[in-house]
Amino acid sequence: MSCIEVKNLTKNYGDFKALDGINFSVKPGQVFGFLGPNGAGKSTTIKLLTTLIKPTNGSLQILGINAIQNPLEVRHKIGVVLQQPSYEPTLTVEKSLEKYGMMWNISSEERKRRMEKLLVDFELVEIRKKRNEDLSIGQRRRVQVAREFMHDMDLLFLDEPTVGLDPSARRKLLDFIKNKVSSGLTIFYTTHILSEVEYLCDEVAIIDKGKIITIDTPESLKKKFGKEKTIKIHLSEKISSIKELLNDIKECEINFENGTNIIIQSEKSELVLLKILKILNDENIEIEDLSAVPTNLEEIFLKMVRENASNN
């Protein structure tokens, strides 16, 4: 049985179709990444999956429960950390955790045990007596994520959970999530940081303009585009005519970040590079730096979104 089963899910806001008949399923015990540009339909999808709103059409099963007909039953079995900040300003860190445990009817002894462990796991021990309003953005975010683990759940929705975290705190949170998943928790994960997806996610769905454009593993996505390489050229000075000079080169996609940076993606990178170098040499244009690397997940994501935009 899938933890999440979405079939032909549609959501309209008046004449605007936020979701256009999406389909996907999430297996138990995995991290499912859900990616897309701003306005793609990610937030609407999360609101539907967490029963905050109802769909216009389609079916939605969460943990084997009809989420449209039985939203309260679903809410008792899931955890949700939304992107928007959520904290009690005047409560201390430890009181916030304790209150959350009380809301979920966790016994006093068990609340204390879980709180002490989470304070350590999220490096909150030294600020446990501080009020939330006196914390930094990153500290508040750590409290917001930590308190969700005060209760038991089968499925956790994490919407941009590392926003505001420094690199060290981000990595520790990702490792904490990995450990929880190894214990059987299923996680629906959204992020704009594609390195997190590569490190954490078992499967990835990419949504754009209300439609799912692909679902695959991060590794499979990289293999599909593995023949393609990204060439990055940094010129010594800005050349206003560079776009026209390289306009006739085929079998590649060229992006000009500005007059000095050129990014080329091609399955025939060596041949394309030779052609570009010849043109630059003939025009006496100096190169400050040059590199060729396999296309990473971020570039694949951007490419797919661009292609989807051009096809619509």
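Modeller: Exposed means over 50% relative accessible area, buried under 20%, and partly exposed in between (1.4 Å probe, protein chains only). The model is predicted: local features need pLDDT of at least 70, side-chain atom pairs count only at pLDDT 80 or more, and totals for chains, interfaces and linings use all residues. Residues are numbered from 1 along each chain as its sequence is written, and side-chain values use heavy atoms, without hydrogens and water.

Colleague: Which residues of α6 are buried?

Modeller: A169, L173, L174, F176, I177 and V181. They cover an arc of only 160° around the axis, so they sit on the same side of α6. The arc is taken from the directions from the helix axis to the C-beta atoms.

Colleague: What makes F34 and F188 an aromatic pair, and a tilted one?

Modeller: Rings of Phe, Tyr and Trp (its six-membered ring) pair if their centres lie within 6.5 Å; planes under 30 degrees apart are stacked, over 60 edge-to-face, the rest tilted. Here the centres are 5.2 Å apart and the planes 40° apart, which makes the pair tilted. F34 lies in strand β3 and F188 in strand β8, so the pair ties together parts 154 residues apart in sequence. Helices (H or I, at least four residues) and strands (E, at least two) are DSSP runs, numbered from the N terminus. Both F34 and F188 are buried.

Colleague: Why is K178 said to lie over the face of Y199?

Modeller: The rule asks for NZ of Lys or CZ of Arg within 6 Å of the ring centre and within 35 degrees of the ring normal. K178 lies at 4.0 Å from the ring centre of Y199.
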